[in-house]
Amino acid sequence: MNPKITDWQGRRVWLLGASSGIGAALVRRLAQAGARLALSGRDAGKLAALGIDGAVLLPCDATDAASLADARRGVLQALGGVDLTIYLAGDYVPMQVANFDLARAESLFSVNFLGAVRLTAAMLPDMLTTGGIAFVASVAAYRGLPKALAYGPGKAALIHFAECLHLELVPRGVGVWLINPGFVATPLTAGNDFAMPALLSPEQAAQATFEGFASGDFEIHYPKRFTRFMKLLALLPYRWYFPLIRRLTGV
Ligand SMILES: NC(=O)c1ccc[n+]([C@@H]2O[C@H](COP(=O)([O-])OP(=O)(O)OC[C@H]3O[C@@H](n4cnc5c(N)ncnc54)[C@H](OP(=O)(O)O)[C@@H]3O)[C@@H](O)[C@H]2O)c1
């Protein structure tokens, strides 16, 4: 499947969406394991506030291809190459028919899906024979869910994109990972007005991600008690899936 990553000492990792939540916790875990890090997000102050010794800070906006290309140049200059790129940049807003907002939906698609495509386009020449790329999507994208009109489709597209890339790049020795977290307590989910089942801390999510890279699996998903349930739901035929989801979520 994928190369198993068990030794992070000196490994050059570029994280986009590194400044808070799952990304920030993963940065700390990888720094502890000895990785050489390049960190991106839009806000330079938040990246600096992480206080990671020796990390290269490259603020950039994933919705802007030129900004991503500049950051790529900066990473290559500073680290001499990249062994693993991890795309965590993301945004979330609950959206349903009653509050449908096209501009907001397009802005979510731009960071949650197209940003990952822009990053891949920038990185492909560097990783046609070596290295790897990982994308953080979500278990919320396995199937359609209520209030997910803007978030779900972009993440579902990202899952599909990662599958296509994996098929083609893994035979060349290039890893492609799909990371699907359940609920994690971060700024992204802080506004949720419902009890989030099987909620993890960012540190737990980072540890599960870290361990996932050692498995060689394509998909790293957690926590298993929640993601296995979501996978089971995803197998149901529509005539069972829709009524069950309505009953479970009260839609
Ligand atoms: N929390 C959950 O329950 C959960 C569950 C499943 C999947 N996820 C996914 O996990 C990833 C990380 O989310 P999180 O929960 O850790 O949220 P978070 O704390 O809000 O982190 C989002 C990160 O993305 C960066 N970012 C946002 N827009 C960007 C842009 N246009 N260009 C570059 N960077 C950008 C943010 O930094 P700046 O604001 O400084 O740019 C921040 O570092 C997201 O893709 C999210 O969809 C989260």
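1. Among contacts between residues at least 6 apart in sequence, what percentage join residues at least 24 apart? In this chain the figure is 67%. The coordinates are those of a predicted model, and the points below should be read with that in mind.

2. Overall make-up. Eight helices and seven strands are assigned in the chain. Its radius of gyration is 18 Å, close to the 18 Å given by the globule rule for 251 residues, so the chain is as compact as a globular protein of that length. Along the principal axes, the C-alpha atoms fill a box of roughly 55 × 35 × 30 Å.

3. Surface and charge. Of the 251 residues, 49% count as buried. The chain exposes about 11900 Å², and carbon and sulfur atoms supply 57% of that area. There are 23 positive and 18 negative side chains, with the centres of the two sets 7 Å apart.

4. The sheet. Seven strands make up an open sheet with parallel pairing, in the order β3-β2-β1-β4-β5-β6-β7. At its edges are β3 (56–57) and β7 (219–222), each of which pairs on one side only.

5. Pairing of β4, β5 and β6. Strand β4 (residues 84–87) runs parallel to β5 and is joined to it by three bridges; Thr85 stands opposite Ile133 of β5. Strand β5 (residues 132–136) also pairs with β6 in the parallel sense, over five bridges. Here Phe135 has Leu178 of β6 as its bridge partner.

6. Cover of β6. Is strand β6 (residues 175–181) mostly covered or mostly open? The strand is mostly covered, with seven of its seven residues buried. In a regular strand, side chains alternate between the two faces of the sheet. On one side of β6 the buried residues are Gly175, Trp177, Ile179 and Pro181, and on the other they are Val176, Leu178 and Asn180, so that both faces are covered.

7. Ser67 belongs to helix α3 (residues 65–79). Why does Ser67 count as buried? Its relative accessibility is 17%, and the cut-off for buried is under 20%. Not counting residues up to four places away in sequence, Ser67 touches Cys60 and Asp61. Asn192 is in the loop between β6 and α6 (202–213) and counts as buried because its relative accessibility is 16%. Leaving aside neighbours within four places in sequence, Asn192 is in contact with Tyr92 and Phe183.

8. Cis peptide. Which residues does a cis peptide bond join? The bond lies between Tyr222 and Pro223, with omega about -10 degrees. Pro223 is placed in the loop between β7 and α7 (224–234), while the range of edge strand β7 is 219–222.

9. Lys147 has a phi near 60 degrees, a positive value in a residue other than glycine. Lys147 lies in the loop between β5 and α5 (151–169), and with a relative accessible area of 37% it is partly exposed. Ala198, also not a glycine, has a positive phi of about 55 degrees. Ala198 is in the loop between β6 and α6, and Asn192 is found in that loop too.

Definitions and conventions:
Residues are numbered from 1 along each chain as its sequence is written. This is a predicted model: local features need pLDDT of at least 70, side-chain atom pairs count only at pLDDT 80 or more; totals for chains, interfaces and linings use all residues. Side-chain values use heavy atoms; hydrogens and water are left out. Helices (H or I, at least four residues) and strands (E, at least two) are DSSP runs, numbered from the N terminus. The radius of gyration is taken over C-alpha atoms; the globule rule is 2.2 Å times the number of residues to the power 0.38. Buried means under 20% relative accessible area, exposed over 50%, partly exposed in between (1.4 Å probe, protein chains only). Contact means heavy atoms within 4.5 Å. Accessible areas come from the Shrake-Rupley method with a 1.4 Å probe; for residues, only the protein chains shown count as cover. Lys and Arg count as positive and Asp and Glu as negative; His and the chain ends are not counted. The place of a charge is taken as NZ of Lys, CZ of Arg, CG of Asp or CD of Glu. Two strands pair if DSSP finds at least two bridges between them.
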